[in-house]
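Reader: I'd like a close look at one residue and the part of the chain it sits in. Take me through the surroundings in one go, please.

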Amino acid sequence: MTHPADIERHPDIAEMRTRYEIAAASPVAQLMDGLTLLSGIYLALSPWIVGFNGLAGITLNNLVTGLCVAGLGLGFSFAFGRTYGIAWCAPVLGVWTIVAPWVISGDMSTTRTIWSNVIVGALICVLGLATMSLAGSRAGWRMAPRMGQRSESRR
């Protein structure tokens, strides 16, 4: 019977953790993580920075969505190996940020909300896609071997 502690010492897991640590330590990854964090902070504070805090719906939306994006950025920077699997959330939040001024009930689509949300939403979307590609290519993530083929690390 295999115990959970035994799986922690498996060579494939150790190799995967090493790859994720190398990917997370790269300057490109650190730049993306920092920009994701800053984009989230800006989105959370944008109603007061841009001046549409009188619109309660979009203000609350941007505050909550921005805090979520900032949390993702922190997670990517501190524990990339454990959070890369939810990197798909960032592009989804970016798209939501873009469409939010038109979707939230009430008239939230002012020039200020549209410009602010579209720009920061597009940035969050691009950063999220870049983080997803970092997890896929730089960290050495690979598809599961096909039937009949063995993994390189087990040969």
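**Around Ser 46**

Author: Setting aside neighbours within four places in sequence, Ser 46 is in contact (heavy atoms within 4.5 Å) with Gly 51, Phe 52, Asn 62 and Ser 116. A word on the source: this is a predicted model, where local features need pLDDT of at least 70 and side-chain atom pairs count only at pLDDT 80 or more, while totals for chains, interfaces and linings use all residues. Residues are numbered from 1 along each chain as its sequence is written, and side-chain values use heavy atoms, with hydrogens and water left out.

Back to Ser 46, which belongs to helix H3, residues 27-51. Helices here are DSSP runs of H or I with at least four residues, strands are runs of E with at least two, and numbering starts at the N terminus. Ser 46 counts as buried because its relative accessibility is 0%; the cut-offs are under 20% for buried, over 50% for exposed, and partly exposed in between, with a 1.4 Å probe and protein chains only. Its side chain also reaches the backbone oxygen of Leu 43 at 2.9 Å.

One of the contacts of Ser 46, Asn 62, is itself on the list of buried residues of H4. That list also includes Ile 58, Thr 59, Asn 61 and Thr 65. H4 covers residues 56-78, and at 1.5 Å a residue its 23 residues should span 33 Å, which agrees with the 33 Å between its end C-alpha atoms. The expected span is 1.5 Å times one less than the number of residues.

Leu 31 is part of a nonpolar surface patch of about 1000 Å², along with residues including Leu 45, Trp 48, Leu 60 and Leu 67. H3 and H4 are the elements that give two or more residues to the patch, and H3 supplies the largest share, seven residues.

Zooming out, the protein chain has seven helices and zero strands. Buried residues make up 35% of its 155 residues. Of its contacts with a separation of 6 or more, 66% link residues 24 or more positions apart.

Note on methods: A polar contact is a pair of N or O atoms within 3.5 Å; within protein, one must be able to donate a hydrogen and the other to accept it, and residues adjacent in sequence count only if both atoms are side-chain atoms. Patches are made of residues with over 30% relative accessible area and no salt bridge: like charges are joined within 9 Å, nonpolar side chains (Val, Leu, Ile, Met, Phe, Trp, Tyr) within 5 Å. Accessible areas come from the Shrake-Rupley method with a 1.4 Å probe; for residues, only the protein chains shown count as cover. A salt bridge is a side-chain nitrogen of Lys or Arg within 4 Å of a carboxyl oxygen of Asp or Glu.
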